[in-house]
Amino acid sequence: KQIEAYIHRIGRAGRAGETGRSYAFLTSSDVKFAILLVKTFENSGYPVSDKLEDLACMDDFYKRKRLSAKMGVSFAKG
């Protein structure tokens, strides 16, 4: 559940200049972790899968923030 531990573990999938694969099995109860993964992947230039983005968007606040960023619009709080 800790993003730092996860990143460390998946980094071990490819060593000594070799590539590797890692898989994450997430459910709807892992929405907050999915948001952290999306942010981490984007910050490192790693592509974000549509399924991971969809899971993260199950959080209404995150979804509104993403949509407003993509559209260049700010939503008023009310």
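**A guided tour of the predicted model**

Begin by selecting Ile-7, which has its place in helix H1. The structure on the screen is a predicted model.

Next, colour the chain by pLDDT. The mean for the chain is 83, and 91% of the residues reach 70 or more. Which elements have the lowest and the highest mean pLDDT? Helix H1, residues 3-11, has the lowest mean, 78. Helix H3, residues 50-56, has the highest, 94.

Show helices H1, H2 (31-44) and H3 together: each of them supplies at least two residues of the lining. How many residues of each class make up the lining of the largest pocket? There are 15 nonpolar residues, eight polar residues and two charged residues.

Move on to the loop between H2 and H3 and select Ser-49, which lies there. Ser-49 is described as partly exposed because its relative accessible area is 41%. Then select Gly-14 as well and show both C-alpha atoms. Ser-49 and Gly-14 are 35 residues apart along the chain, and their C-alpha atoms are separated by 20 Å.

The last stop is Arg-66, in helix H4, which comprises residues 60-71. Why is Arg-66 classed as buried? Its relative accessible area is 18%, and the class of buried residues takes in values under 20%. To view its surroundings, display the side chains of Val-38, Glu-42 and Glu-53. Arg-66 touches these three residues, when residues up to four places away in sequence are not counted. Finally, set aside Val-38 and Glu-42 and examine the pair that remains. The side chains of Arg-66 and Glu-53 are joined by a polar contact of 3.2 Å.

Technical notes:
Residues numbered from 1 in each chain as written. Predicted model: local features only at pLDDT ≥ 70, side-chain atom pairs only at ≥ 80, totals over all residues. Heavy atoms only, no water. Helix = DSSP H or I, 4+ residues; strand = E, 2+ residues; numbered from the N terminus. Buried < 20%, exposed > 50% of the residue type's maximum accessible area, 1.4 Å probe, protein only. Polar contact = N/O pair within 3.5 Å; in protein donor to acceptor, adjacent residues only side chain to side chain. Contact = heavy atoms within 4.5 Å. pLDDT = per-residue confidence, 0-100. Nonpolar A, V, L, I, M, F, W, Y, C, P; charged D, E, K, R; others polar.
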